[in-house]
Amino acid sequence: LSARAETVLLMAEEHGCAWCARWDAEISHIYPKTAEGRTAPLVRYDLRGDDPDVTFQRRVSFTPTFILVEDGVEVARIEGYPGEDFFWALLAEMFEQAKIPVAETG
């Protein structure tokens, strides 16, 4: 998995993660259709598998963890899934903090 030269949202997950399953049920079908999803497509990886080609700010310890990556470098993260309403607000904050404009068209 390489996240070099692009903006992606990594999702660290693992088998049996109930919060990952909840995110899948509430968000996964919507995310690719949003401006955020067009700006930073979702890339999943198994926390217990090989690490992606990303420079992390710190070790990933929890699932799900959502990591905003720009050109192979972590710029922000959400640890855990706080529910649908909080997820979108925290995601918007991540984009703003990283100064990544969200694609409004497409």
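In which sense do strand 1 and strand 2 pair, and over how many bridges? Strand 1 and strand 2 (residues 42-46) pair in the parallel sense over five bridges. The legends below take this pairing and its surroundings view by view.

This is a predicted model, in which local features need pLDDT of at least 70, side-chain atom pairs count only at pLDDT 80 or more, and totals for chains, interfaces and linings use all residues. Residues are numbered from 1 along each chain as its sequence is written, and side-chain values use heavy atoms, with hydrogens and water left out.

**Figure 1. The whole protein holds three helices and four strands.** Helices (H or I, at least four residues) and strands (E, at least two) are DSSP runs, numbered from the N terminus. Read from the N terminus, the order is β-α-α-β-β-β-α. The radius of gyration is 13 Å, close to the 13 Å that the globule rule gives for 106 residues, so the protein is as compact as a globular protein of that length. That radius is taken over C-alpha atoms, and the globule rule is 2.2 Å times the number of residues to the power 0.38. Along the principal axes, the C-alpha atoms fill a box of roughly 35 × 30 × 20 Å. Buried residues make up 42% of the 106 residues. Buried means under 20% relative accessible area, exposed means over 50%, and partly exposed lies in between (1.4 Å probe, protein chains only). Among contacts with a separation of 6 or more, 61% link residues 24 or more positions apart. Contact means heavy atoms within 4.5 Å.

**Figure 2. Strand 1 has neighbours in strand 2 and strand 3.** Two strands pair if DSSP finds at least two bridges between them. Strand 1 and strand 3 (residues 65-70) pair in the antiparallel sense over six bridges. Leu9 stands opposite Leu68 in strand 3. In strand 2, Asp46 is the bridge partner of Glu13.

**Figure 3. Strand 1 is covered on both faces.** In a regular strand the side chains alternate between the two faces of the sheet. On one side lie Thr7, Leu9, Met11 and Glu13, and on the other Val8, Leu10 and Ala12; all are buried. Seven of the seven residues of strand 1 (residues 7-13) are buried, so the strand is largely enclosed by the rest of the structure. Thr7 belongs to strand 1. At 16% relative accessibility, Thr7 counts as buried. Leaving out residues up to four places away in sequence, Thr7 touches Thr39, Ala40, Pro41, Leu68, Val69, Glu70 and Ile100.

**Figure 4. The largest nonpolar core has 19 residues.** A nonpolar core is a set of buried Ala, Val, Leu, Ile, Met, Phe, Trp, Tyr and Cys residues joined through side-chain atoms within 4.5 Å. Leu9, Trp23, Phe66, Leu68, Phe87, Leu91 and Met94 touch the most other members. Two or more residues come from each of strand 1, helix 1 (18-28), strand 3, strand 4 (73-79) and helix 3 (84-98). Helix 3 gives the most, with five residues. A second, separate core of nine residues includes Val8, Leu10, Tyr45 and Ile67.

**Figure 5. Helix 3 has a buried side and an exposed face.** The helix has 15 residues and reaches 21 Å from its first C-alpha to its last, close to the 21 Å expected at 1.5 Å a residue. The expected span is 1.5 Å times one less than the number of residues. Phe87, Leu91, Met94, Phe95 and Ala98 are its buried residues. They cover an arc of only 95° around the axis, which puts them on the same side of helix 3. The arc is that of the directions from the helix axis to the C-beta atoms. The face turned away carries the exposed residues Asp85, Phe86, Glu93, Glu96 and Gln97. Cover for the buried residues includes strand 1, helix 1, helix 2 (35-39), strand 3 and strand 4. Lys99 follows helix 3, and its phi is positive, near 60°.

**Figure 6. Helix 1 buries Cys20, Trp23 and Ile27.** They cover an arc of only 60° around the axis, which puts them on the same side of helix 1. Ala18 and Ala25, on the other side, are exposed. The buried residues pack against strand 1, strand 2, strand 3 and helix 3.
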